[in-house]
Amino acid sequence: MCGVAGVFGQSEAASWTCEALFAQQHRGQDSCGLCASDGERLHLFKGMGLVKEAVPPSLLKELPGHGAIGHVRYPTQGEATLPNAQPFLFVKDGTPLFALASNGDITNLPELREEIEKRSYRFDGTNDGEVIAKAIGSWAFDDGMGIEAAIAKWMRVGMGAYSTLLLTPTEFYAFRDPHGFRPLSVGEKDGAAVLTSETVGLDILRARFIEHIPAGAIRRWGPGGPRSSVGAVSKKLDHCIFEHIYFARPDSYVFGEKVFEVRRRIGEALASGDTVQADAVVPIPDSANYIGMGYANARNIPIVMGLVRNHYVGRTFIAPVQLMRDETVRLKFNPLPGFFEGQRVVLVDDSIVRGTTIRKLVRMLRENGAKEVHLRIGSPPIRYSCYYGIDTPDRKYLIAAERSPEQVADVLSADTLRYLTLEGLHSTVSKPGDYCYACFTGDYPAGKKRA
Ligand code: SF4
């Protein structure tokens, strides 16, 4: 999972882009990058780690110009290395012609990469964004079709998820795959176009939200004013439902829904028909907070923030190495002293992937005196891997892949376990037919990725 941001038509475009990336830091913490245009040349910066640590304040003065794009990265394809950090520059005959930053994974990457390699291009890393950049660059400049037509060609042949920004010295493009897997929002401030994966990136700049880029659309800003075209016809939308369940910030507006409201409805749907007796509902912070509120209100059970999260540790789900993940679970949560003694607790989480975190938390609650621990999960069992930009592991590591809910409860040492049903999940969004549910059903709308 990653986040993108871009600004066009503002003299401090790089600073604005940096702020919008900062607001989207939750979408990727391993590396970040910025590219600015001064109208003639492109200036690129990439660094490892968080935006606030990697981007020196002096750098923003050295990245002048009216246009900029940026990226925060969590690796789903390729290692967490600087060559895989984005944006990518497309360089021809020693001249950088454009920069590109993308969120999402491409499922037919090997074929596309092979085609570009046959054209004598070499790859510095193993990331999808580099393939998109070199494919579009080669078609645009080697074949002479121009950038807009090359983007449209990409959108006909590239399969999978991409919400992408492209910056030339004088133009700015945004385009989104025809399924609309990942979000991409457009805003406006002081006449400048502002683009961000999530609307929290617009909020931090006080930019006015205009629209979500439609799936399959190309938007272009530059000389002659803004322009829109269709890159690919969208047959069916497949927004990632996990943006609502877990990934997006609750204060974002994603796919036409307020994320915190969807999460509250998830909690209400999860409570429907549940009769378990409990003294307190404890959500696992932060992503399950609103799900917990919805559940607790519907069941009329007090909600207590019984686990305190240390915010200086990265999100467990996106720690890339198993060893790091185990350490961060212990570092990340601490129970309120004495609170769990003799309590019957409903412990609410948004999802279970491997089960590593929640198993340790159940044990922690019992060690702190909890009499009963009932798990309530705001999504159906995750039984299949994601190939569209979320780092779920290989299927064999998914705790629910081959287990029934009762067997999962057993492995996690929970008294009971209840998942949200798929039908219950459908009831939480206004257009349930416009979403991808492949990690629950195995029904992949844009193919599977091969190594
Ligand atoms: Fe989202 Fe799951 Fe579809 Fe991946 S497979 S895009 S995580 S709903």
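Select Arg27 and Glu198 to begin: their side chains are joined by a polar contact of 2.6 Å. A polar contact is a pair of N or O atoms within 3.5 Å; within protein, one must be able to donate a hydrogen and the other to accept it, and residues adjacent in sequence count only if both atoms are side-chain atoms. Before moving on, note that this is a predicted model, in which local features need pLDDT of at least 70 and side-chain atom pairs count only at pLDDT 80 or more, while totals for chains, interfaces and linings use all residues. Residues are numbered from 1 along each chain as its sequence is written, and side-chain values use heavy atoms, with hydrogens and water left out.

**Around Arg27**

Arg27 lies in the loop between helix H1 (13-23) and strand E2 (31-37). Helices (H or I, at least four residues) and strands (E, at least two) are DSSP runs, numbered from the N terminus. Is Arg27 buried or exposed? Arg27 has a relative accessible area of 0%, so it is buried. Here buried means under 20% relative accessible area, exposed over 50%, and partly exposed in between (1.4 Å probe, protein chains only). Show what is around Arg27 next: leaving aside neighbours within four places in sequence, its contacts include Met1, Tyr74, Asn103, Arg182, Glu243 and Phe247. Contact means heavy atoms within 4.5 Å.

**Into the core**

Now select Ile241, Phe242, Ile245, Tyr388, Leu425 and Phe440. These residues have the most contacts inside the largest nonpolar core, which has 46 residues. A nonpolar core is a set of buried Ala, Val, Leu, Ile, Met, Phe, Trp, Tyr and Cys residues joined through side-chain atoms within 4.5 Å. Elements that each supply at least two residues of this core include helix H8 (242-247), helix H9 (259-271), helix H10 (289-299) and strand E20 (344-349). Which element gives the largest share? H9 does, with six residues.

Stay with Phe440 for a moment. Not counting residues up to four places away in sequence, Phe440 touches Ile241, Phe242, Ile245, Leu422 and Leu425, among others, and also Ser379.

Ser379 sits in the loop between strand E21 (372-377) and helix H13 (405-412), and counts as buried because its relative accessibility is 0%. The Ser379 side chain reaches the backbone oxygen of Asp350 at 3.0 Å.

**Two helix pairs**

Select H9 and H10 together. Their axes come within 6 Å and cross at roughly 45°, which means that H9 is oblique to H10. Axes are lines fitted to C-alpha atoms, for helices over the stretch in contact, and angles run from 0 to 180 degrees between N-to-C directions. Angles under 35 degrees count as roughly parallel, over 145 as roughly antiparallel, 65 to 115 as roughly perpendicular and the rest as oblique. H9 passes H10 in a right-handed crossing. A crossing is left-handed if the near helix is turned anticlockwise from the far one by less than a right angle, and right-handed if clockwise. On the H9 side, the residues that meet H10 include Phe260, Ile266 and Leu270, and their partners in H10 include Tyr290, Ile291 and Tyr295.

Within H10, the buried residues include Asn289, Ile291, Gly294 and Arg299. H8, H9, strand E17 (280-283), E20 and E21 are among what covers them.

For the second pair, select helix H5 (residues 128-142) and helix H6 (residues 147-157). Their axes come within 8 Å and cross at roughly 130°, so H5 is oblique to H6. This crossing is right-handed. Residues making the contact include Ile132, Ile136 and Trp139 of H5, and Ile151 and Trp154 of H6.

**Backbone stops**

Most residues other than glycine have a negative phi, and most peptide bonds are trans. Where can you find a cis peptide bond? One joins Gln86 and Pro87, with omega about 5°; Pro87 is in the loop between strand E4 (67-73) and strand E5 (88-92). Another joins Pro285 and Asp286, with omega about -5°, and Asp286 is in the loop between E17 and H10.

For positive phi values, select Asp93, where phi is near 50°. Asp93 is in the loop between E5 and strand E6 (95-103), and is exposed because its relative accessible area is 74%. Asp190 has a phi near 50° as well, in the loop between strand E9 (185-189) and strand E10 (192-196).

**Last stop**

Finish at Met48 in strand E3 (residues 42-48). With a relative accessible area of 39%, Met48 is partly exposed. Met48 and Asp143 are 95 residues apart in sequence and 35 Å apart in space, C-alpha to C-alpha.
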